[in-house]
2 protein chains.
Amino acid sequence: MDDSTGSYKQNCLPFYVGDKQVGIVRRDILCHLQKYKDVFIASSSKLKLSDDLRTFKERSDTVHEVLKDLREQNVLDTLNGWRNETIDIRSSPREDPILKVERSGACLFGVIVYSVHINGYTTKDNQLMMWLGRRSNSRPTYPNMLDNMCAGGLTSGQSVKQCAIKECAEEASVPKKLTDKLKAVGCVSHIFEDKRGVFPVCEYVFDLHLPSNYEPVNADGEVGSFEMITIEKVMDNIVLEDFRPCSAMIALDFLIRHGFVSPENEKNYAYLAEMMHIPLHSYFTYTTPLFSR
Amino acid sequence: MDDSTGSYKQNCLPFYVGDKQVGIVRRDILCHLQKYKDVFIASSSKLKLSDDLRTFKERSDTVHEVLKDLREQNVLDTLNGWRNETIDIRSSPREDPILKVERSGACLFGVIVYSVHINGYTTKDNQLMMWLGRRSNSRPTYPNMLDNMCAGGLTSGQSVKQCAIKECAEEASVPKKLTDKLKAVGCVSHIFEDKRGVFPVCEYVFDLHLPSNYEPVNADGEVGSFEMITIEKVMDNIVLEDFRPCSAMIALDFLIRHGFVSPENEKNYAYLAEMMHIPLHSYFTYTTPLFSR
């Protein structure tokens, strides 16, 4: 956490669309958003999207104009990473989206962002090996650091499975007969912040058992190279600074699920398992989704 | 949650040993404990074990005498289930125990209780099948309900692995050559309360892939019978009331890790994964264990 921005707990206001909290806005960001008084209604206890915006399209178009304007003013660093890609915002995963927003602007509102991570692994000489990607040196975030085999964010309208298949194809040229074997194995939820904003992130995790003669090949320039490494080396890398932090967490989740990290060799086992699944989906809402569906 | 006792958030005081919170005490239980003024120091903000009790043995012996006395008075229902078995209380899993307490009394202090659950499964006609136990009709809790193949609580001084092996032997007569294949695959953390008290529970989960000709046999009278059932039937049973609630959660975790429940067939996927890993180990303490070891 960056001391210059401070803890999100003390320095944030809840962000509402309608009567549902969908995010958190830091005060250093709030001061820019609340200038758009027809769009954002600020009070001492919350920031709310105007109720005059009634449809998905009205909300999305209006917020898009605000973000474009802020980008031109060059006052919010994250908007320099404009992606021309939107993400859907829902009040819960069961609901239809209520708003879509340019990906680089999501951290301004502290809305949950969804992504997929794929653990590619194989067996060599009876030993389990993981395929890791090393991020391209030209990437704006975490250049040259270790990553899971494939990963990427869900875009508007895309299903989790569609996203996983697309990332496998783009990042590692995985053919269809192999992506048919993608296995959903859980999700990892965490939250972090940096100077750009606040990032509550839910990462859907897939395992993909690859034939031993398969080699991933990057197709979109985002991965510099791939490495097939032993479990021991993965463990070492998790505690070194070589790994992109969220990818290290996904690798740790793999090591826990496959029995390599256990209560016998890791005293913080239960703590780690809990911290990788923080309750993002009940942080904003106090409804009980299980009983209201 | 039982309405007659109310939410633990509003009706509980934190329970401290030394300067560390290790549990939560409900007010309907507090009124019995605070009569022992030399042992428990009650204030408006906390209940604290007396600092005059300096060692593990002093603390354990003194609390044991209090619980025996309360049992004789017959004022706390849970003590009718006296087990003659103690559990260790630590301020964090990395620390030595600071106190041990009779198992039936743990819910009075709302301390974290640890247990193991073993998913026994096999492959039949290319289909994955789970072995489930049906609890004996004579058990005081959840009689006749479905359970995982084996489960049981960690007792003082016992390691997680030792406990898993012991429960496999006692509950299902699993021979050593099979318990060697026990695989630690994570843990499930949750909290519930009933008229007995408050139960923050951390369950270490093991998968055990069994040969198709193996049949579990109960050795300690706690399991009435074993059933080998299809994944479809496990899914049905999870949402029916046939399953002991915490065992249903362990079975759901198995179904998620093995790809049977996925983001494609379960809209509450991320919410469920988070709710099965609530942050018990950071609820009581605000230290950051990862950086203090």
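Let's start with polar contacts across the interface: between chain A and chain B there are 14 residue pairs in polar contact, counting pairs where both residues are at pLDDT 80 or more. And please keep in mind that this is a predicted model. Now, how many salt bridges are there between chain A and chain B? The count there is 0.

So what does the side of chain A look like? Its residues that touch chain B split into 20 nonpolar, 10 polar and 9 charged. Several elements of chain A supply at least two residues each, including helix H5 (160-172), strand S11 (183-194), strand S12 (197-209) and helix H9 (269-275). Which of them gives the largest share? That is H9(A), with 7 residues.

Let me put some sizes on this. The contact draws on 39 residues from chain A and 40 residues from chain B. Together the two chains bury about 3,400 Å², and 63% of that is on carbon and sulfur atoms. On the chain A side, the residues that lose the most area to chain B are Asn268(A), Tyr271(A) and Glu274(A), which together make up 18% of what that side buries.

The same surface serves both copies, as 100% of the contact residues of chain A recur in chain B.

Now back to charges. Side chains of opposite charge can pair when their charged atoms come close. Over all chains, the whole structure holds 35 salt bridges, but remember the count of 0 between chain A and chain B. Let me walk you through a few.

Over in chain A, Arg26(A), Asp28(A) and Glu193(A) are linked in a network of salt bridges.

Another example links distant parts of chain A. Asp242(A) forms a salt bridge with Arg134(A), with 3.1 Å between the closest N and O atoms. Asp242(A) is in the loop between helix H7 (231-239) and helix H8 (245-257), while Arg134(A) is in strand S8 (residues 127-135), 108 residues apart. Asp242(A) counts as partly exposed, because its relative accessibility is 27%.

Finally, a local one. Glu170(B) and Lys166(B) meet in a salt bridge at 3.2 Å, N to O. Both are in helix H5 (residues 160-172) of chain B, and because they are 4 residues apart, about one helical turn separates them. Glu170(B) is partly exposed at 29% relative accessible area, and Lys166(B) is partly exposed at 38%.

That's the tour, thanks everyone!

Key: Residues numbered from 1 in each chain as written. Chains lettered and ligands numbered in written order. Predicted model: local features only at pLDDT ≥ 70, side-chain atom pairs only at ≥ 80, totals over all residues. Heavy atoms only, no water. Salt bridge = Lys/Arg side-chain N within 4 Å of Asp/Glu carboxyl O. Buried < 20%, exposed > 50% of the residue type's maximum accessible area, 1.4 Å probe, protein only. Contact = heavy atoms within 4.5 Å. Buried area = accessible area lost by both parts, 1.4 Å probe. Polar contact = N/O pair within 3.5 Å; in protein donor to acceptor, adjacent residues only side chain to side chain. Nonpolar A, V, L, I, M, F, W, Y, C, P; charged D, E, K, R; others polar.
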